[in-house]
Amino acid sequence: MQSALDLQDLETILALHRGRTLAGAAERLKVDTSTVFRAIKRVEKEVGELLFERGRQGYTATELGRELAGHAERIETQLEEAREAAFNQAAQPSGTLRITLTDTLLHSVLLPVLARFTAAYPQIALELVTTNVLANLSQREADIAIRVTSSPPEHLVGIRLGTMRSAIYAGKDYLATQPAGRHYGEMDWVALDDSLPDHPSQRWRRAAFPKLAPRHKAGNLLAVAGAVVNNLGVAIAPLAVLREHPQVVMLDGPLPELDIGLWLLAHPDTRYLGRMKAMFDFLRANIDLPA
């Protein structure tokens with residue numbers, strides 16, 4: 001007998017695929033965990049195949065589970081597009097827009113222009129998620145990702161907003177404590193910590209000064225730049241973070257070896273939703289990176 005798989009079943013499968021746990025799925029569906037568990041077991045019994053495997057990391061979709069979640073996601077997107085077409089033809093874009101990016105990009109690139117966006121689109125609510133990991137846009141962990149990369153993932157669509165450039169900086173008060181003529185390669189360095197060993201700034205420093213051991217380390221570029229401003233030493237930092245800062249001096253650069261693209265990325269199925277298009281168009285016109 002053919003399974004009577006319905007939209008609610010697909011919605012439950014998609015929620016568990018995204019949430020990875022019964023609690024995560026239940027939160028997305030606004031039901032309790034037992035309801036999710038019973039629904040998944042019922043569907044698995046009807047289709048005669050396992051849709052999820054349970055492990056230490058939670059529930060992982062099988063090949064069939066992923067396929068059904070993909071169908072559910074396309075239906076979800078098409079339904080949202082239909083609602084926009086039916087009800088929002090004359091209205092401004094609305095809804096929640098979830099953006100993932102690093103702390104550095106949030107404070108140096110996005111926040112300085114974001115108030116203009118929220119003023120222009122009062123019906124769009126923003127969720128800003130800071131992480132060094134590229135969120136899974138296919139599972140709707142975020143709607144938009146802003147990332148620095150030389151090769152954006154092929155399964156995503158996006159636009160290049162410009163080039164992030166970097167230079168070597170030091171605080172003015174720190175430099176005042178150094179002997180005249182001392183090269184910055186002999187000064188105290190602040191660098192990213194061991195969680196980011198392959199960051200371009202790390203590779204450049206090791207190639208330029210193979211014997212140099214940083215005195216101080218930090219977990220992200222924003223913290224590294226903060227250490228420079230507060231006179232802990234010399235560091236590589238983005239121009240977007242320290243541009244025209246009155247307390248620092250650019251000692252060398254910009255360094256062309258560290259140029260890297262700034263990309264705005266989205267899943268192809270959601271790129272043309274009203275609120276997504278609004279953000280893409282806005283950032284394309286308003287992001288101005290220092291040369």
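The stops below concern a group of strands and then a pair of helices.

This is a predicted model, in which local features need pLDDT of at least 70, side-chain atom pairs count only at pLDDT 80 or more, and totals for chains, interfaces and linings use all residues. Residues are numbered from 1 along each chain as its sequence is written, and side-chain values use heavy atoms, with hydrogens and water left out.

Begin by selecting residues 95-101, strand β3, together with residues 124-130, strand β4. Helices (H or I, at least four residues) and strands (E, at least two) are DSSP runs numbered from the N terminus. Seven bridges pair β3 with β4 in the parallel sense; strands pair if DSSP finds at least two bridges between them. Within this pairing, Thr96 lies opposite Ala125 of β4.

Now select residues 144-148, strand β5, which runs parallel to β3 and is joined to it by two bridges. Thr100 has Ala145 in β5 as its bridge partner.

Finally, return to α5 and select residues 274-286, helix α10. The axes of the two helices (lines fitted to C-alpha atoms over the stretch in contact, with angles from 0 to 180 degrees between N-to-C directions) come within 11 Å and cross at roughly 125°. The contact (heavy atoms within 4.5 Å) involves Leu110, Val113, Leu114, Arg116 and Phe117 of α5 and Ala278, Met279, Phe282, Leu283 and Asn286 of α10.
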